[in-house]
Amino acid sequence: IISGALAFLYVSQNNDAPSREESVNELINLILNKISNDDTLRNAVLNAEIDPGNINYLKDSNSTLIKSEIEKFIPPKEDLEFKFNICLLNQICTCEVQPTDECPKDKNIYSKERTISVTLQSDSIEPRVLKIFVWEK
């Protein structure tokens, strides 16, 4: 009887805890909300270099700012890794940012995206999509 009660309590406690997938998706939503609601970060997305033929592709100061912001939520020393991509609305944002990049094929990759619309302060004339990919190390 005691072991049955303990097993019931253990199962009940685990059902209340969010799953890993839910936790990671909530984290990605937090990051996307922060970036989309902060004028500086929004402009960084809108003004980032997104031409894959350009040597500064996602390595310019705007992209560095976005990466730094994401690292505040997902520090490099934690158990999660991430990549992000910025695309035009008519493009497919993939995890392979550069042709030499590869995302893990043997891991569960969680991703979400957010459309960032043009503001009066941005130099961009087209909205962009910011997509974040997260997986466990």
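This is a predicted model: local features need pLDDT of at least 70, side-chain atom pairs count only at pLDDT 80 or more; totals for chains, interfaces and linings use all residues.
Me: Are helix 2 and helix 4 parallel, antiparallel, perpendicular or oblique to each other?
Reply: Two packed helices are described by the angle between their axes and the distance between the axes. For helix 2 and helix 4, the axes come within 10 Å and cross at roughly 140°. Angles over 145 degrees count as roughly antiparallel and 65 to 115 as roughly perpendicular, so helix 2 and helix 4 are oblique.

Me: Is the crossing of helix 2 and helix 4 left-handed or right-handed?
Reply: The axes cross at roughly 140°. The way helix 2 passes helix 4 is right-handed.

Me: What arc do the buried residues of helix 2 cover around the axis?
Reply: The buried residues of helix 2 are V24, N25, L27, I28, I31, L32, I35 and S36. They lie on the same side of helix 2, because the arc they cover around the axis is only 160°.

Me: Which exposed residues does the face of helix 2 turned away from its buried side carry?
Reply: The buried residues pack against helix 3, helix 4, strand 1, strand 2 and strand 3. The face turned away from them carries the exposed residues E26 and N37.

Me: Which residues is N25 in contact with, leaving aside its neighbours within four places in sequence?
Reply: N25 is found in helix 2. Its relative accessible area is 19%, so N25 is buried, the cut-off being under 20%. Beyond those neighbours, N25 is in contact with Y110 and K112.

Methods: Residues are numbered from 1 along each chain as its sequence is written. Side-chain values use heavy atoms; hydrogens and water are left out. Buried means under 20% relative accessible area, exposed over 50%, partly exposed in between (1.4 Å probe, protein chains only). Helices (H or I, at least four residues) and strands (E, at least two) are DSSP runs, numbered from the N terminus. The arc is that of the directions from the helix axis to the C-beta atoms. Contact means heavy atoms within 4.5 Å. Axes are lines fitted to C-alpha atoms, for helices over the stretch in contact, and angles run from 0 to 180 degrees between N-to-C directions. Angles under 35 degrees count as roughly parallel, over 145 as roughly antiparallel, 65 to 115 as roughly perpendicular and the rest as oblique. A crossing is left-handed if the near helix is turned anticlockwise from the far one by less than a right angle, and right-handed if clockwise.
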